[in-house]
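The following paragraphs lead through the structure shown here, starting from a single contact between side chains and widening to the chain as a whole.

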Amino acid sequence: LGPDMAMPIISEFRKHTSLPLVFKPNAGLPISATTGGTTAPYTAEMFVNEVRPALEFVSYIGGCCNCDFEYVRRLKAEIAKA
């Protein structure tokens with residue numbers, strides 16, 4: 001699930017447990033590019049903006065499918081600001 005669909009789920013989990021939560025949404029379902037191949041619907045910046053609220057209550061955060069080193073680098077920079 002992309003952040004738009006995953007955030008409500010992880011938020012609901014937090015309401016029901018005090019256990020550590022791991023949050024690794026993907027960058028959305030791949031979109032076929034006109035040049036061939038695929039692209040992700042979320043840029044790294046969009047991804048980080050969408051998952052930022054989870055930094056308040058998850059223990060571990062990362063990215064799954066369609067997230068590359070740029071997504072993780074930007075997420076790391078956001079965590080450093082928190």
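In this predicted model, the count of aromatic pairs comes to 1. The pair is formed by Phe47 and Tyr71, whose ring centres lie 5.7 Å apart; their planes stand at 75°, over the 60 degrees required, so the arrangement is edge-to-face. Phe47 belongs to helix H2 (residues 44-51) and Tyr71 to helix H3, so the pair ties together parts of the chain that are 24 residues apart in sequence. Both Phe47 and Tyr71 are buried.

Phe47 leads on to the rest of its helix. The buried residues of H2 are Ala44, Phe47, Val48 and Val51. Viewed down the axis of H2, these residues fall within an arc of 95°, so they line one face of the helix. What does this set of buried residues in H2 pack against? Its partners are H1, strand E1 (22-23), strand E4 (60-61) and H3.

Is Glu78 buried or exposed? Its relative accessible area is 11%, which is under the 20% limit, so Glu78 counts as buried. Leaving aside residues up to four places away in sequence, Glu78 touches Val48, Arg52 and Leu55. Val48 is itself one of the buried residues of H2.

The C-alpha atoms fill a box of roughly 45 × 25 × 15 Å along the principal axes. Of the 82 residues in the chain, 28% are buried. The accessible surface comes to about 5400 Å², and carbon and sulfur atoms account for 60% of this area. As for contacts between residues at least 6 apart in sequence, 61% join residues at least 24 apart. The pair of Phe47 and Tyr71 links parts of the chain that are 24 residues apart.

How values were computed. Residues numbered from 1 in each chain as written. Predicted model: local features only at pLDDT ≥ 70, side-chain atom pairs only at ≥ 80, totals over all residues. Heavy atoms only, no water. Buried < 20%, exposed > 50% of the residue type's maximum accessible area, 1.4 Å probe, protein only. Contact = heavy atoms within 4.5 Å. Phe/Tyr/Trp six-rings, centres within 6.5 Å; stacked < 30°, edge-to-face > 60°. Helix = DSSP H or I, 4+ residues; strand = E, 2+ residues; numbered from the N terminus. Arc of directions from axis to C-beta. Areas by Shrake-Rupley, 256 points an atom, 1.4 Å probe, with all protein chains shown as cover.
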